[in-house]
Amino acid sequence: TAPEAFESWGWRVPFFISALLILVGLYTHRVVEESPVFAEESETERAVSKTPLRELFTRHWTQLLIAVGARFGSDATFYVFGMFTLVYVTEFLHAPRDVALNGVIAGGIAQLIGIPFFGWLSDRLGRKPVLMMGIAGCLVWSFIHFRLIGTLDPTLVMVAVFVGLFLHSATWAPIAAFLSELFDTQVRYSGTAVGFQLAAVAGGAIAPIIATAVAVSMTGGLAISIYVAIIMLIGLVTVGMTRETRDRSFV
């Protein structure tokens with residue numbers, strides 16, 4: 001049957017298809033030119049650091065903390081609003097899987113709309129206001145999300161995930177530009193990569209584990225909402241203390 005086929009081998013198909021993205025990445029890497037600033041500094045060897053990680057942690061540690069704090073909540077909300085919803089609806093609320101799956105599909109559509117829109121908006125208004133709008137929106141929505149999920153009304157579940165991941169898009173769309181603009185040319189690649197991955201581990205990797213533990217041991221949705229709110233407060237404080245990076249000159 002279709003469900004058995006999906007559980008046996010069908011779930012692997014998207015991963016095989018995603019391998020095509022490797023070819024896209026290789027092609028992009030070959031055809032995209034370096035920025036004029038990096039190219040100019042490379043000619044004078046100023047852009048090359050022999051010990052970029054040491055320089056990053058000793059001279060640029062404040063920017064690194066900002067990078068981690070700004071992205072910290074983005075991963076957590078994605079996993080809580082999206083992935084954890086599947087577990088919460090089926091395992092804790094004992095609702096049919098289709099209710100949760102339809103909600104996650106709605107969330108995917110929300111991100112298809114939201115990420116290009118908020119990326120465009122950050123180019124016009126700036127990274128900081130869009131990031132803060134998304135973080136604040138996710139903070140507030142975390143308390144609404146689980147109330148809607150708790151109704152088990154299929155339409156309200158879809159609304160909960162759609163709005164949650166649409167707001168999450170505002171924290172995700174500007175982040176690549178924001179992180180790149182935080183660091184000087186000499187450590188930009190290392191700073192962006194390390195900040196991005198540290199936040200992924202601290203915010204995203206453990207979020208489903210914490211959410212599951214909280215849901216088991218405490219009052220379910222409300223406790224998870226409080227957890228998300230605390231994480232988003234960290235992001236609000238971090239981004240709120242940061243200067244706008246959109247118009248930063250690297251010359």
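Trainee: Is the crossing of α6 and α9 left-handed or right-handed?

Mentor: In this predicted model, α6 and α9 cross in a left-handed way.

Trainee: At what angle do helix α6 and helix α9 pack?

Mentor: The angle between α6, residues 61–92, and α9, residues 154–172, is about 160°, and their axes are 9 Å apart. Angles over 145 degrees count as roughly antiparallel, so α6 is roughly antiparallel to α9.

Trainee: Which residues of α6 and α9 make the contact?

Mentor: On the α6 side they are R71, S74, D75, T77, F78, F81, G82 and T85. From α9 come V161, G164, L165, H168, T171 and W172. By type, this contact of α6 with α9 has five nonpolar residues, seven polar and two charged.

Trainee: How do α7 and α9 pack, and at what angle?

Mentor: Read the angle and the axes again. For α7 and α9 the angle is about 30°, with the axes 7 Å apart. The cut-off for roughly parallel is under 35 degrees, and therefore α7 runs roughly parallel to α9. Their crossing is right-handed. The contact of α7 with α9 is made up of 17 nonpolar and eight polar residues, with no charged ones.

Trainee: What should I know about nonpolar side chains before I look at the core?

Mentor: In soluble globular proteins, nonpolar side chains tend to be buried together. Here the largest nonpolar core has 45 residues, and the members that touch the most others are V80, I149, F178, I224 and M232.

Trainee: Which elements give two or more residues to this core?

Mentor: They are α6, α7 (97–125), α8 (127–151), α9, α10 (175–182), α12 (207–217) and α13 (221–240). The largest share is that of α6, with ten residues.

Trainee: Which residues does M232 touch, leaving aside those up to four places away in sequence?

Mentor: M232 is in contact with G73, T77, I135, C138 and L139. T77 also belongs to the α6 side of the contact with α9.

Trainee: Now the whole chain. How many helices and strands does the protein have?

Mentor: There are 13 helices and zero strands.

Trainee: What share of the protein counts as buried?

Mentor: Of its 251 residues, 41% are buried, where buried means under 20% relative accessible area.

Trainee: And what share of the contacts join residues at least 24 apart in sequence?

Mentor: Among contacts between residues at least 6 apart, the share is 82%.

Methods. Residues are numbered from 1 along each chain as its sequence is written. This is a predicted model: local features need pLDDT of at least 70, side-chain atom pairs count only at pLDDT 80 or more; totals for chains, interfaces and linings use all residues. Side-chain values use heavy atoms; hydrogens and water are left out. Axes are lines fitted to C-alpha atoms, for helices over the stretch in contact, and angles run from 0 to 180 degrees between N-to-C directions. Helices (H or I, at least four residues) and strands (E, at least two) are DSSP runs, numbered from the N terminus. Angles under 35 degrees count as roughly parallel, over 145 as roughly antiparallel, 65 to 115 as roughly perpendicular and the rest as oblique. A crossing is left-handed if the near helix is turned anticlockwise from the far one by less than a right angle, and right-handed if clockwise. Contact means heavy atoms within 4.5 Å. Ala, Val, Leu, Ile, Met, Phe, Trp, Tyr, Cys and Pro count as nonpolar, Asp, Glu, Lys and Arg as charged, and the others, Gly among them, as polar. A nonpolar core is a set of buried Ala, Val, Leu, Ile, Met, Phe, Trp, Tyr and Cys residues joined through side-chain atoms within 4.5 Å. Buried means under 20% relative accessible area, exposed over 50%, partly exposed in between (1.4 Å probe, protein chains only).
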